[in-house]
Amino acid sequence: MNTLSYSRREWLARAGGGFGMLALSSMLEAASNPFAPKVPMQVGGKAKSIIWIFANGGPSQVDTWDYKPELKKRDGKALDGFDPKTGFFPGSVGPLMASPFEFKQHGQSGTWCSDLFPKTAMHVDKMCFIHSCWTGSNNHSPALFKMNTGETRMGYPCVGSWVNYGLGSESDSLPSFVVMSDPLNRGLPKGSAANWGAGFLPSIYQGTWLKPKGAPIDNLAVSASLTPQRQRAQLDLLAKLNRSALAESPIESELNARIESFELAYRMQTAAPEAFDVKGEPEHIQKLYGLNEKHCGHFAAQCLTARRLVERGVRFIQIYSGGMENQQSWDGHNDIAGNHRGFANESDQPVAALIADLEQRGLLDQTLIIWGGEFGRLPISQKSAKPGRDHNPHAFTVWMCGGGVKGGYHHGESDEIGFKAAIDKVSVHDLHATILAAAGLDHERLTFKFQGLDQKLTGVENPKVVKQVFA
């Protein structure tokens, strides 16, 4: 028989503390795994993973996927009323310039494609094209931030971070959001890591950048002197100390993110090397991607890695085609023919292989592939020894494939020369709302409280989901 007795004050203190600890325990349990998979917000979103192939620098829509026969008819003529400040080099404005590439129709959809992409063109009946995209900046850094985060300045969460915040991860041993940049020493996109940052979201949702050379992620190899038992004991002690601090301030999201990052790093020591081992793929798969081809092997490795990561539950993967600027990326100010031919040659076979490989594995329906840059290019020439094209924020093309979108479908139109979006215009926020919808996320309800406001990826401009693109 328990003979212990408590005064009223002692009983309230103990009971109150107990209820408080129960509440705190519940809060800590909910916060202990920020990557736990979450139920999609809305029915219909089929994409469990997203692979975004970012054509860094701004590919020309009129030389790739937006066929304009009128441009050929008006080749060499001035564009009446053109504002020379539309592009970035107002002193180098030339006349209208026909595409140097040949266009042909492909597939049952009869989609017009430039000869830049002979292998990807074989899949046009699976691809959905949005020809009426537009943005608000003609400068790379703010346009990159806009396309990645919805804002033209740094400090905001990118699309990948929002997706991971909204859906969590299907993998407990790999980063949920992975970024791959140019491996040929041509630099990072302008703005660098701010393009895949988490902004005001907990930092656990930021992208994990894979190093282009050497080990993709630092410090995965365990020191020979550190046994598994010692390493586990160290992590347990560190977690215990951190959780004690967290108990005093349970809203400290950064500390919780740090705790989870240590545990994830521990699990990655085994999972990551295996996931990145593209040479372990069968020979016919390596050949499909062009893994051993000099002109495209580097990009093939990235696309093949993306497929392997999707198989292992990674939620969001972004691959940058091209480096910092100008001839190092799709930024064809000079020699648009040589510039675009080079980068298309690097990426065409690997991208086509990615589509085919995902399809043959039954993963294409649940994987959304996106291709596009931060803006388009002008239909006029930029004067140089070999003419190029300047930046054009008024019109560009983005295509998507898989993830529940219509195959062989074309949405919107630019004008007859590809200068401005003209029919069913799609803003960057509209595009973001559509990407979120493909993953089962409602852009209006996906919010995070910051500075007293419910912040959203899509801002306050009342963007619309482009519902027509979904099957």
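**View 1. Surroundings of Ser-321 in the predicted model.** Leaving out residues up to four places away in sequence, Ser-321 touches Phe-54, Ala-55, Asn-56, Phe-299, Trp-330, Phe-343 and Ser-347, where contact means heavy atoms within 4.5 Å. Ser-321 belongs to strand β8 (residues 316-321); helices (H or I, at least four residues) and strands (E, at least two) are DSSP runs, numbered from the N terminus. With a relative accessible area of 4%, Ser-321 is buried, a class that means under 20% relative accessible area, with exposed meaning over 50% and partly exposed in between (1.4 Å probe, protein chains only). The model is predicted, with local features needing pLDDT of at least 70 and side-chain atom pairs counting only at pLDDT 80 or more, while totals for chains, interfaces and linings use all residues. Residues are numbered from 1 along each chain as its sequence is written, and side-chain values use heavy atoms, with hydrogens and water left out.

**View 2. Ile-317 and the nonpolar cores.** The largest nonpolar core has 49 residues, of which Ile-51, Ile-317, Ile-369 and Trp-399 touch the most other members; such a core is a set of buried Ala, Val, Leu, Ile, Met, Phe, Trp, Tyr and Cys residues joined through side-chain atoms within 4.5 Å. When neighbours within four places in sequence are set aside, Ile-317 is in contact with Ile-50, Ile-51, Trp-52, Val-178, Met-180, Ala-306, Leu-309 and Val-310. A second, separate core of 47 residues includes Ile-50, Tyr-165, Phe-200 and Val-469.

**View 3. Helix α10 and the elements around it.** Because 11 of the 11 residues of helix α10 (residues 428-438) are buried, this helix is largely enclosed by the rest of the structure. The buried residues of α10, among them His-429, Asp-430 and His-432, pack against β1 (49-55), β5 (127-133), α3 (140-149), α4 (159-167), β9 (367-372) and β13 (396-402). After α10 comes Gly-440, whose phi is positive, near 80°.

**View 4. The largest cavity.** The largest cavity has a volume of about 60 Å³, and the count of cavities of 30 Å³ or more comes to four. On a 1 Å grid over the protein atoms alone, a cavity is a set of points where a 1.4 Å probe fits but cannot get out, and lining residues have an atom within 4 Å of a point; grid points are joined across faces, edges and corners, and a volume is the space filled by probe spheres set on the points. Strand β11 (residues 380-382) gives the most to the lining of this cavity, with three residues, and other lining residues include Phe-82, Pro-84, Phe-89 and Asp-390.

**View 5. Cysteines.** The structure holds zero disulfides, a disulfide being a pair of cysteine sulfur atoms within 2.5 Å. The sulfur of Cys-303 lies 9.4 Å from the closest cysteine sulfur, in Cys-296, which is too far for a bond. Cys-303 is buried at 0% relative accessibility, and Cys-133 also counts as buried, at 1%.

**View 6. Two loop residues with positive phi.** Ser-192, in the loop between β6 (177-180) and β7 (208-210), is a residue other than glycine with a positive phi near 45°, and at 28% relative accessibility Ser-192 counts as partly exposed. Gln-451, in the loop between β17 (448-450) and β18 (453-455), has a positive phi of about 55° although it is not a glycine, and with a relative accessible area of 66% Gln-451 is exposed.

Note on methods. 1 Å grid on protein atoms, 1.4 Å probe; cavity = no way out; pocket = protein on both sides within 12 Å on 5 of 7 lines; lining within 4 Å.
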